[in-house]
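Subject: Structure handover

Hello,

Here is the structure I promised to pass on. Please open it and keep it in view while you read my notes below.

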Amino acid sequence: MVLEGFHQEKDVKLKSSPADLVTETDQNVENLLISSIRETYPEHRFIGEESVVAGEPVVLTDSPTWIIDPIDGTVNFVHRFPFVAISIAFAVNKQVEFGIVYSCVEDKMFSAERGQGAFLNGVPLHVSHQKDIHQCVVVTEIGAERDDLSLSTMTSNIYKLLKLPIHGVRAVGTAAVDMCLIATGAADAYYHIGMHCWDIAASTLIVSEAGGVVMDTDGSQFDMMSRKVIAASSADVANSIAKVVCAFPCRRDDEVGSS
Ligand code: LIP
């Protein structure tokens, strides 16, 4: 369904900003996933990107909950930039137990189950274990924000990291695939302010199960609803990034009325 839509002309609508897009395919994929899962598990709860946009609250309880981004990288999808992913995480007692990120155009299935390791198309994944920030390629995103404070904070963060110096900065356009690249060792760290829980719920487990470190951008414990994350090859690299980057104000995903 995603690949069919990828190659077709699209009816694009705007959400929170001129760069925050949605298509019928996003909504159709989310509806298909939720209805299919609900047939087997009618008592389970769901947090889906487009359901939240339609007004459903973001409430993560101890109940079994599926956290779904039907198309992560919707701007890429609209432009046929070949990195779009379906991200599905399953949480119990507010802890992600397994997650998958399917990079559709690449046909890459990233997966992890708590305590069982992380895999790409069934092959085990390991982070780079790089500890020296100066030897790192760092992945981040310029998200949908277009206000001066967010943009100046994001560009200042990139400038400060490059001046450390580091080897480079990359952006793929989908938080889920960005983080899976850390799990593969192809990049050494990812940080982002402004993404949502559904973008990264699955990939945070994939990074952890590949031996990586996940924390808040201020160095504190990761909080899936905070919209701030660092995922890295090692604690040394994660802390080096936390010392440099600043966050801009973001309403939590679970803040009442945040959708
Ligand atoms: C996207 C994220 C990406 C970010 C975009 C957008 P979506 O998610 O994966 O990292 O830069 O602003 O939030 O909206 O395509 O599911």
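First, a term. A pocket here is an open set of grid points, placed over the protein atoms alone, with protein on both sides within 12 Å along at least five of seven lines. A molecule sits in a pocket if more than half of its atoms lie within 2 Å of the pocket's grid points. By that rule, the ligand sits in the largest pocket. Bear in mind that this is a predicted model.

The ligand and its shell

Look next at the oxygen atoms of the ligand. One is 2.5 Å from a side-chain N or O atom of Asp-72. The backbone also contributes. In Gly-73, a backbone N or O atom lies 2.7 Å from a ligand oxygen. In Ile-71, a backbone N or O atom is 3.2 Å from an oxygen of the ligand.

How much of the ligand does the protein bury? Taken alone, the ligand exposes 370 Å², and the protein buries 90% of that.

Two backbone details

Most residues other than glycine have a negative phi, and most peptide bonds are trans. Two places in this model are worth a look on that score.

The peptide bond from Leu-164 to Pro-165 is cis, with omega near 0 degrees. You will find Pro-165 in the loop between helix H5 (148-162) and strand S11 (168-170).

Lys-94 is the other place. Its phi is positive, near 65 degrees, and Lys-94 is not a glycine. This residue lies in the loop that runs between strand S5 (85-92) and strand S6 (95-103).

Best wishes

Methods: Residues are numbered from 1 along each chain as its sequence is written. This is a predicted model: local features need pLDDT of at least 70, side-chain atom pairs count only at pLDDT 80 or more; totals for chains, interfaces and linings use all residues. Side-chain values use heavy atoms; hydrogens and water are left out. A polar contact is a pair of N or O atoms within 3.5 Å; within protein, one must be able to donate a hydrogen and the other to accept it, and residues adjacent in sequence count only if both atoms are side-chain atoms. Accessible areas come from the Shrake-Rupley method with a 1.4 Å probe; for residues, only the protein chains shown count as cover. On a 1 Å grid over the protein atoms alone, a cavity is a set of points where a 1.4 Å probe fits but cannot get out, and a pocket is an open set with protein on both sides within 12 Å along at least five of seven lines; lining residues have an atom within 4 Å of a point. Helices (H or I, at least four residues) and strands (E, at least two) are DSSP runs, numbered from the N terminus.
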